[in-house]
Amino acid sequence: MRSFVPIGVAFIIILTVSCSSNEQKEELLAKQYCAACHAFPEPSRLDKKAWSNVMPQMALRMGVDMSQLSMISEEDYPYVIQTLPRNPMLTVEEFDAIKNYYQREAPDSLSLPEDFVTKDLTQFEVTPHRLWKQRPAVTMLRADTVNKRIWMSTRKSGLYRYDFNFNRIDSTQLTSPASSIVFDGGDPTMTLMGIMDPNDQPAGTIGTMNEDLSFNQLIDSIKRPVHIEKADFNNDKLEDIVVCAFGNYGGALLVYERRSDGKYNRHVISGLPGARKVVVRDFNDDGLPDILALFAQGDEQISLYTNAGSFRFRVNTLLRFSSVDGSSYFDITDFNKDGHWDIVYSNGDNADYSIILKPYHGVRIFLNDGKNQFTESWFHRLHGCSIALARDFDKDGDVDIATISFFPEFKKTPERAFVYFENNGGNLEPYTTPLGADGRWLLMEPADIDQDGYTDILLGALDFDNGVPPEARQRWSDNPVDVLVLKNKGKK
């Protein structure tokens, strides 16, 4: 006897199979194309509204919809167009399928874990400093511990020098805001960004600062350089310069080889945008300095560039993050005292197309197994975390962590713009101060400014209004703070 399936039931089965098949195709397309340029971002990383804001940018970068180019400035256009594919990477129908996948799978809103408890900060004595009449907008903050000078630059291109008691020594006007400076015994080497806001114009420069604060330009035509270090990469007794050219759509990790005539040859180590910070060290003990770099734009990653000689480097990507994770900074230390360097990593950039509180923002520790394989061992949620520094601040033999957040939860916990994690027997406990809410901290500089053998902390404010509620703006307007000084009280 034959069995029959009713027509209505058969239609439902066919429709279900068809829908399931379409959904699988959409997921496959997303994983194929969205993992081609960076780590695959799971739909759960953003809510539906945020994904709808992100997709037009993805359409532009994939060459599917070029209408977003109308929003690019005339000055940036020639450089941005070079970063985009000449032909679409996929069809409009395929891109629409990817959009469908993210809209279907993304949550309506992100779930935030229960809040954590902090203790009152006791390790540091906290003092705010108002240094000039303009709005707090510090772009560089570095301490020269040899000459006991604090160097600062502002968004309006001012350059200032102070002693360790914050008495102004001198100042000058630069051609653009400074972002980084290296002290190596001679005249300091400084980076000027050209244009601070996101852009792709090669307007950045590098030069030395003479004692009279005149700028001696050495290198030009760099896309928004944000960090430099110096090292002799080829053992010719001449110091070269490694540059994080953050850029925007485009950018690079560069090494400028110093020649005997004082000029520089340019070497592109990576063509990725978003180079944020480097640590230069001989990681494999072969006598040549290597580069450990964080990229925080698009293809977010921490990669080790091993020096192979003649300005050639072998790359090993140690950690790779989702394109929406908001990587912001890293530090290295031997956290568990096993003889291998570990990574302390922060992610909290929250300024572009998905400005929502994200439960995965915070600070993490990745332990090294000795073979440069890294495993996450600790995570503490911290909204908008932008810098994490690992030091034994209280000198009790273990590593503590100091953090700042440029995008904290301004309405409920603005004081968590600075959080100090004290290591108590392997348990990292968070401490805060009400004065942490006194500014929007962009910079954090560790330095022993009172010369007592304990590391102090300087915070520099850049009080941007974006994403900031009125009560925070009012607080900063009523009592503006340029620098917050946290003097270490030493052992308890």
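1. Cys 34 counts as buried, with a relative accessibility of 10%; buried means under 20% relative accessible area, exposed over 50%, and partly exposed in between (1.4 Å probe, protein chains only). The residue lies in the loop between helix H1 (7-33) and helix H2 (48-61). Helices (H or I, at least four residues) and strands (E, at least two) are DSSP runs, numbered from the N terminus.

2. The model is predicted: local features need pLDDT of at least 70, side-chain atom pairs count only at pLDDT 80 or more, and totals for chains, interfaces and linings use all residues. Residues are numbered from 1 along each chain as its sequence is written, and side-chain values use heavy atoms, with hydrogens and water left out.

3. On confidence, the mean pLDDT of the chain is 94, and 96% of its residues reach 70 or more; pLDDT is the predictor's confidence in each residue, from 0 to 100. Residues 11-17 have a pLDDT below 50, and this stretch makes zero contacts in the model beyond near neighbours in sequence. Contact means heavy atoms within 4.5 Å.

4. Which residues does Cys 34 contact, leaving aside its neighbours within four places in sequence? They are Leu 29, Ala 39, Phe 40, Pro 41, Met 62, Ile 98 and Tyr 102. The C-alpha atom of Cys 34 is separated by 28 Å from that of Asn 466, a residue 432 places away along the chain.

5. A search of the whole structure for disulfides, each a pair of cysteine sulfur atoms within 2.5 Å, finds zero. For Cys 37, the nearest cysteine sulfur is that of Cys 34, 9.1 Å away. Cys 37 is partly exposed, at a relative accessible area of 46%. Cys 385 counts as buried, at 0% relative accessibility.

6. The chain has five helices and 29 strands. Its radius of gyration, taken over C-alpha atoms, is 25 Å, close to the 23 Å that the globule rule gives for 492 residues, so the chain is as compact as a globular protein of that length. The globule rule is 2.2 Å times the number of residues to the power 0.38. Along the principal axes, the C-alpha atoms fill a box of roughly 100 × 55 × 45 Å.

7. Buried residues make up 54% of the 492 residues in the chain. Among contacts between residues at least 6 apart in sequence, 51% join residues at least 24 apart. The chain exposes about 22,400 Å², of which carbon and sulfur atoms supply 49%; accessible areas come from the Shrake-Rupley method with a 1.4 Å probe, and for residues only the protein chains shown count as cover.

8. An open sheet of five strands runs in the order E1-E26-E25-E24-E23, with mixed pairing; two strands pair if DSSP finds at least two bridges between them. Strand E1 (119-120) and strand E23 (385-391) stand at the edges with a single partner strand each, so one side of each has no neighbour in the sheet. E1 pairs with strand E26 (residues 427-432) in the parallel sense over two bridges, and Asp 120 stands opposite Thr 432 in E26.

9. Strand E17 (residues 301-307) pairs with strand E18 (residues 313-320) in the antiparallel sense over seven bridges. Tyr 305 has Val 315 in E18 as its bridge partner. E17 and E18 form a hairpin with five residues between them, and Gly 309 in the turn has a positive phi of about 90°.
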